[in-house]
Amino acid sequence: MIIKGAMICDAKQEQRGDVRIEEGKIIKVARSILPNENEEIIDAEGMVLLPSAIDLNVRVKDLKLTKNNLIELSKKALKGGVTLGVLMPDCKPSLSTEMGVELLNALKEDFRAKIIPAVASCTERLSSGNYGINELSTLHKKGACAIYTKSSEEGNILKRACEFSSMLKMPMFFECEDESLSANGVMNDGELSWRLGLPAIPTLSETKEVAKIAEVVCFMGVKSVFLCISTERSMEILLEAKKRNKDIFIQTSIHHLMLTENLCNGYNSAAKIKPPLKGEATREKFVKRLKKGEIDLITSLQSEKSLSQKDLAFDEAAFGVDMIEYYYPLCYTALIKEMHLSLQEMSKLISYNPALVLGVEKNRGLIEVGYDADLVLLDPKENEVIGEVSSPYYDKILSGKIKKVFTSKEILSF
């Protein structure tokens, strides 16, 4: 099969040409490829061909680990141009057990997009009231790709988890939040929360924990992802820490680059996202940092909630956002059309850098010979409108409509 006449873009190139695919692999990339007899040709003139996205921070619906929820997540991910998602382990039943990881392994053939597990550093609470280190070596052998740790974790477990991270070549994923400070909060702490009369989450709940974990990962020297950073002070701390540990990756969500806390006006529970949306001044600073290359990773922050959990009074509604099926158009609209990044810069943020984190950059994240043919073909001239009233992007016009998604198993057309 030949994809012909596309603008081929990844983190290292941007050129018009053809791509030949056989058995789920890219076998030739050139200015022009002559087709073999009876070879399938996909006319991609006027379209852009990019590596599919890799999202390192997704969750199942209502945090319930079931077969249906996993398969539905994989379908939505593929529709949004995401062919590999890392599932966070804070769900029920626990993903951080042999049984939890085996469930994902058993469903591999049913998944449309590949879903792989991150596992928690510690076990469920022991009878003694304490926590123990998880069976990380065993879980790694069964397919776990990362070690997920909350910043509130007991110090010795943090240290031991980092030691396993180094030994097993598994990245650490850190969620930084002081839950004693944010426990009752429902939105960002500021003038708007005061006017709405809603309990707020102070930025200190993130920044103090970021500072602590930054010191840990610099001391331990481990590859680390700081999940969905949302405050300017956290950025300052991490950029300083990166001078000591080059394997620190800073992630934020596409929503924190596009939306602000003003969406919470009118007690709009669609805007109830964690970490909470911030003010316009913070959003603008993050966009500037993005353009300077100081943000490494973007996520859809996928965490779908049922209507029964979301369509409530703001302070009772669940945190969560369900936008992974629009992920590529969201990124194209925000990063390319509105923020004027290049296609190469976007591809680095959503494809190549996530592949680097997972250690799969020799197979995924670029359009090169020998790489997996996980690709997205989009039409930059075609738009679509978000029609879901429950979406924080309701009535938003998105550019860059996906026309096809290629994986080793199928071609999904729209």
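This report walks through a few helices, strands and charged pairs in a predicted model.

## Helix α1 and its surroundings

Let's start with helix α1, which covers residues 67-79. Its 13 residues reach 19 Å from the first C-alpha to the last, close to the 18 Å expected at 1.5 Å a residue. Just after α1, Gly81 takes a positive phi of about 85°.

Several residues of α1 are buried: Asn69, Leu70, Ile71, Leu73, Ser74, Lys76, Ala77 and Leu78. The cover over these buried residues includes the strands β6 (53-58), β7 (82-87), β8 (114-120), β17 (397-406) and β18 (411-413), along with α2 (98-106).

## Leu136 in helix α3

Leu136 belongs to helix α3, residues 136-141. With a relative accessible area of 1%, Leu136 is buried. Beyond its neighbours within four places in sequence, Leu136 is in contact with Val119, Ala120, Ser121, Ile147, Ala161, Phe164 and Leu168. One of these, Ser121, is 15 residues away along the chain, and its C-alpha atom is separated from that of Leu136 by 7.3 Å.

## Strand β14, enclosed on both faces

Strand β14 (residues 248-253) is largely enclosed by the rest of the structure, because 6 of its 6 residues are buried. In a regular strand, side chains alternate between the two faces of the sheet. Here both faces are covered: Ile248, Ile250 and Thr252 are buried on one side, and Phe249, Gln251 and Ser253 are buried on the other.

β14 pairs in the parallel sense with strand β13 (residues 224-226) over 3 bridges, and Ser224 has Ile248 as its bridge partner. The chain gets from β13 to β14 through helix α8 (residues 232-241), and this β-α-β crossover is right-handed. β14 also pairs in the parallel sense with strand β15 (residues 297-299), again over 3 bridges; there, Gln251 is partnered by Leu297.

## Strand β5 and its partners

Strand β5 (residues 48-51) pairs with β1 (residues 2-10) in the parallel sense over 2 bridges, with Leu49 as the bridge partner of Ile8. β5 pairs with β16 (residues 375-385) in the antiparallel sense over 4 bridges, and Pro51 has Leu375 as its bridge partner.

A polar atom of the Asp379 side chain lies 2.9 Å from the backbone nitrogen of Lys381. Not counting residues up to four places away in sequence, Asp379 touches Gly46, Met47, Gly400, Lys401 and Lys403.

## Charged pairs

Side chains of opposite charge can pair when their charged atoms come close. The structure holds 33 salt bridges. One of them joins Lys208 and Asp178, at 2.9 Å from N to O. This pair links distant parts of the chain, 30 residues apart: Lys208 is in helix α7 (residues 204-220), while Asp178 is in the loop between β10 (172-175) and α5 (179-182). Lys208 is partly exposed, with a relative accessible area of 35%, whereas Asp178 is buried at 13%.

Back in helix α8, Glu236 and Arg233 are separated by about one helical turn because they are 3 residues apart. Their closest N and O atoms are 3.0 Å apart in a salt bridge. Glu236 is partly exposed at 35% relative accessibility, and Arg233 is partly exposed at 47%. Another salt bridge, between Glu294 and Lys292, has its closest N and O atoms 3.6 Å apart. Glu294 is buried at 16%, but Lys292 is exposed at 59%. Elsewhere, salt bridges that share partners join Lys25, Arg364, Asp372 and Asp374 into one network.

Technical notes
Residues are numbered from 1 along each chain as its sequence is written. This is a predicted model: local features need pLDDT of at least 70, side-chain atom pairs count only at pLDDT 80 or more; totals for chains, interfaces and linings use all residues. Side-chain values use heavy atoms; hydrogens and water are left out. The expected span of a helix is 1.5 Å times one less than its number of residues. Buried means under 20% relative accessible area, exposed over 50%, partly exposed in between (1.4 Å probe, protein chains only). Contact means heavy atoms within 4.5 Å. Two strands pair if DSSP finds at least two bridges between them. A crossover is right-handed if, with the strands pointing away from the viewer, the path from the first strand over the helix to the second runs clockwise. A polar contact is a pair of N or O atoms within 3.5 Å; within protein, one must be able to donate a hydrogen and the other to accept it, and residues adjacent in sequence count only if both atoms are side-chain atoms. A salt bridge is a side-chain nitrogen of Lys or Arg within 4 Å of a carboxyl oxygen of Asp or Glu.
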